[in-house]
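Student: I've got this one open on my screen. Please walk me through it.

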Amino acid sequence: MRGMNATSRLHREELQFRAILVATYPFFLVAAIAQRLLPDRTARPRLGAPRSVFGEAKAMAVSAIPFAFMG
């Protein structure tokens, strides 16, 4: 029975993560577009292949969302 509760809790957290991702993605998409349009004031080297603006927005959202689950 303990396995069911742990699985259920993980499933609930996954659904919450996806819901927050869907809710916040448009904001991060706007931020990613703004980063592309505004001049880059710091000349920092990019690691790896360049991402699309959509991939960049998803990466920003996925890196920020775990902070919602802290606490």
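**Charged pairs, helices and core**

Tutor: Start with Glu 13, which counts as partly exposed because its relative accessibility is 31%. The cut-offs are under 20% for buried and over 50% for exposed, with partly exposed in between (1.4 Å probe, protein chains only). This is a predicted model: local features need pLDDT of at least 70, side-chain atom pairs count only at pLDDT 80 or more, and totals for chains, interfaces and linings use all residues. Residues are numbered from 1 along each chain as its sequence is written, and side-chain values use heavy atoms, leaving out hydrogens and water.

Student: Which side chain does Glu 13 meet in a salt bridge?

Tutor: Arg 9, at 3.1 Å from N to O. A salt bridge here puts a side-chain nitrogen of Lys or Arg within 4 Å of a carboxyl oxygen of Asp or Glu. Both residues lie in helix α1, four residues apart, about one turn. Arg 9 is also partly exposed, because its relative accessibility is 40%.

Student: How many salt bridges does the structure hold?

Tutor: Three. Another pairs Glu 14 with Arg 18, at 3.2 Å from N to O. They too sit in α1, four residues apart. Glu 14 is partly exposed because its relative accessible area is 39%.

Student: Why does that spacing work in a helix?

Tutor: An α-helix has 3.6 residues a turn, so residues three or four places apart point the same way.

Student: Which residue meets Glu 56 in a salt bridge?

Tutor: Arg 51, at 3.9 Å from N to O. Glu 56 is partly exposed because its relative accessibility is 22%. Arg 51 is partly exposed because its relative accessible area is 46%.

Student: New topic. How many helices and strands does the chain have?

Tutor: Two helices and zero strands. These are DSSP runs numbered from the N terminus: helices are H or I, at least four residues, and strands are E, at least two.

Student: What span should helix α2 have?

Tutor: Helix α2 covers residues 53-64, so its 12 residues at 1.5 Å each should span 16 Å. The expected span is 1.5 Å times one less than the number of residues. The end C-alpha atoms are 17 Å apart, which agrees.

Student: Which residues in α2 are buried?

Tutor: Val 53, Ala 57, Met 60 and Ala 61. They cover an arc of only 95° around the axis, so they are on the same side of α2. That arc is taken from the directions from the helix axis to the C-beta atoms.

Student: Which residues make up the largest nonpolar core?

Tutor: Five: Leu 29, Ala 32, Val 53, Ala 57 and Met 60. Both α1 (2-37) and α2 supply at least two residues of this core. The largest share, three residues, comes from α2. Such a core is a set of buried Ala, Val, Leu, Ile, Met, Phe, Trp, Tyr and Cys residues joined through side-chain atoms within 4.5 Å.

Student: Back to Ala 57. Buried or exposed?

Tutor: Buried, because its relative accessible area is 0%. Beyond neighbours within four places in sequence, Ala 57 is in contact with Tyr 25, Phe 28, Leu 29 and Ala 32. Contact means heavy atoms within 4.5 Å. Ala 57 and Val 30 are 27 residues apart in sequence, yet their C-alpha atoms are 8.0 Å apart.

Student: And what percentage of the chain do buried residues make up?

Tutor: 11% of the 71 residues. Among contacts between residues at least 6 apart in sequence, 80% join residues at least 24 apart.
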